[in-house]
Amino acid sequence: MLPAILSALLASPVAQGLVVPQLAELQKIGTQEDIFPYLAGDAPYFSYPNDYGIPREAPESCQITQVQLIARHGERYPSKSRGRKLFKTWYKLSNYTKTFNGSLSFLNDDYEFFIQDMDNLEQETTLKNSVNPLNPYTGEMDAKVHARDFLQQYGNLLENSTNLTVFATSSKRVHDTAEYFIEALGPDYNVTLEVIDEEPSAGANTISAGYSCPAWNESAFSNITDAYSDSYLKNIAKRLNKQNPGLNLTSSDAFMLFSWCAYEITARGYSDICDVFTQDELIRYSYYDDLSNYYSDGPGYPLIKDVGSNLFNATVKLLKQSEELDQKAWLSFTHDTDILNYLTTVGLFDDGNPLNATYIPFRDHVFHKSWQVPMGARVYTQKFQCSNESYVRYVINDAVIPIESCSSGPGFSCSENDFYDYAASRLQGLNFVAACNVTSVSNVTNLTYYWDYNTTNYNSPLLDQ
Ligand SMILES: Cc1ncc(C[n+]2csc(CCOP(=O)(O)O)c2C)c(N)n1
């Protein structure tokens, strides 16, 4: 039942004259959140599932002394290359002249594709560019709500300094996310945004080490990932073609339907195409995303530990200098792959069992990509003091994820010196500049922006990537 006030509003002459969302649309918004974790990090933000139950607030009688955030930009439209592929599938459907049957029947009713302006590709979803004015899943709102949550959790760290410097890569959507976040902090803080170049020429002075790594090869392990069966995609195409003779969808079209589902939810608030999939198909799609990222940007590709070491090294240095540095909160915005690379070096989602293409290892499977880097992902490093001891731990997408070999401190944290030993052991033998052949694209071999932002003006031109 629709609340009486809403029925009255929709029936009113005023509403009739406005563009009001259809009632059926309204009722679908908010009903698809259970499938977000299966959509390869393209769906709206969700908190880390399977939280261990550890409160993310500092433990009783402990004070946070430093916090670091590495965040992904918020919900966005598809990239240009994904957009091109989505349109290919959409044209096939929009050129179909017969009446649709089965789960595609929604296309019979004046359906409008969710990408309505090519200029939106690569960009954040906002209140303004949403397909539906009631879309609750914009990147803009996500960043703003996140900022208020940050203030509630860590606002006291900002109290003694009037200035806060925030860092974002020069990708427009990443930069825009940081701006929305800053806007929502409110007028009490004097915030400067430093825009750090993500062109390869930035070398090691980057929050996006992947772009400065010419040695990285996306398909280095495609021999493993290519072996993953695509029969679930063939089945989807076969089912839809049987219901709709002459449609001729391929496995690649079926693959695109998952992105359509995810991105449409972020632009419209819901997506009817999601009803095409069975739960088994969602699980198979999701595992393919884990498998391919494990071998291109995660623990399955040894070079990735070197890539992630650039940022991990810097975060450890900041922790060590927490007392002497005036700034106590270090906020950085970047891309999903950079966060995956960083977390791979930190080692929180590597249980040593390599993912395989033949079966889904349901019980031995900690590398869930979308759980680590959904849209709006937020990886916090907390340093806190209890009595005279300091401790470090990670809070990922609202869940405390302990370092298993170092979690005997309060709130399953790692005591500061043990953490430095842990970090040193993770970083041993890694060398971003050498392993990535950084000097072939840049002569910058150190990450300095956290330390020289007062004397160097970082304002790189924004990129649509
Ligand atoms: C090590 C490494 N270097 C470069 C790439 C290329 N790449 C493909 S997608 C993407 C960012 C989109 O993410 P988001 O949606 O968070 O903006 C990047 C940087 C990669 N995958 N791994």
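Trainee: Where is Asp336 found?
Mentor: Asp336 is in helix H12, which covers residues 336-346. Keep in mind that this is a predicted model.

Trainee: Is Asp336 buried or exposed?
Mentor: Buried: its relative accessible area is 17%, and the cut-off for buried is under 20%.

Trainee: And what does Asp336 touch?
Mentor: Leaving out residues up to four places away in sequence, Asp336 touches Arg72, Lys369 and Val373. With Arg72 there's a polar contact, side chain to side chain, at 3.3 Å.

Trainee: How many residues of H12 are buried?
Mentor: 10 of its 11, so the helix is mostly covered. Among the buried ones are Asp338, Tyr342 and Val346.

Trainee: What follows H12?
Mentor: Gly347, and its phi is positive, near 90°.

Trainee: OK, and where is the place of His73?
Mentor: His73 is in the loop between E1 and helix H4, with H4 running over 80-94.

Trainee: Buried or exposed, that His73?
Mentor: His73 is buried, with a relative accessible area of 1%.

Trainee: What does His73 touch, then?
Mentor: Apart from residues up to four places away in sequence, its contacts include Glu124, Arg173, Thr334, His335 and Met375. The Arg173 one is also a polar contact between the two side chains, at 3.2 Å.

Trainee: Switching topic: how many aromatic pairs does the count come to?
Mentor: The count is 43 aromatic pairs. Take Tyr48 and Trp371: their ring centres are 5.4 Å apart and their planes sit at 90°, so that pair is edge-to-face.

Trainee: Where do Tyr48 and Trp371 lie?
Mentor: Tyr48 lies in the loop between helix H3 (23-28) and strand E1 (62-72), while Trp371 is in helix H13 (residues 369-372). The pair therefore ties together parts that are 323 residues apart in sequence. Tyr48 is buried at 7% relative accessible area, and Trp371 counts as buried too, at 13%.

Trainee: What about the rings of Tyr450 and Trp451?
Mentor: Their centres are 5.8 Å apart with the planes at 85°, so Tyr450 and Trp451 make an edge-to-face pair. Tyr450 is buried, with 2% relative accessible area, whereas Trp451 is partly exposed at 28%.

Trainee: What lies over the face of Trp451?
Mentor: Lys317 does, at 4.1 Å from the ring centre. Tyr45 has Arg378 over its face, at 3.8 Å from the ring centre.

Trainee: Which residues form an aromatic cluster?
Mentor: One cluster is made of Phe87, Trp90, Tyr91, Phe106, Tyr111, Phe113, Phe114 and Trp260.

Trainee: What about Tyr232, where is its place?
Mentor: Tyr232 is in helix H8, residues 231-243. Tyr232 counts as buried, at 4% relative accessibility.

Trainee: What does Tyr232 touch?
Mentor: Setting aside residues up to four places away in sequence, Tyr232 touches Phe255, Phe258, Glu281, Arg284, Tyr285 and Tyr288.

Trainee: And how far apart are Tyr232 and Ala377?
Mentor: 29 Å in space, C-alpha to C-alpha, and 145 residues in sequence.

Trainee: Last one: Lys383, buried or exposed?
Mentor: Lys383 counts as buried, at 4% relative accessibility. Its place is in strand E5, residues 378-386.

Trainee: What does the side chain of Lys383 reach?
Mentor: The backbone oxygen of Leu319, at 2.8 Å. The Lys383 side chain also makes a polar contact with the side chain of Ser322, at 2.8 Å.

Methods. Residues numbered from 1 in each chain as written. Predicted model: local features only at pLDDT ≥ 70, side-chain atom pairs only at ≥ 80, totals over all residues. Heavy atoms only, no water. Phe/Tyr/Trp six-rings, centres within 6.5 Å; stacked < 30°, edge-to-face > 60°. Helix = DSSP H or I, 4+ residues; strand = E, 2+ residues; numbered from the N terminus. Buried < 20%, exposed > 50% of the residue type's maximum accessible area, 1.4 Å probe, protein only. Lys NZ or Arg CZ within 6 Å of the ring centre and 35° of its normal. Contact = heavy atoms within 4.5 Å. Polar contact = N/O pair within 3.5 Å; in protein donor to acceptor, adjacent residues only side chain to side chain.
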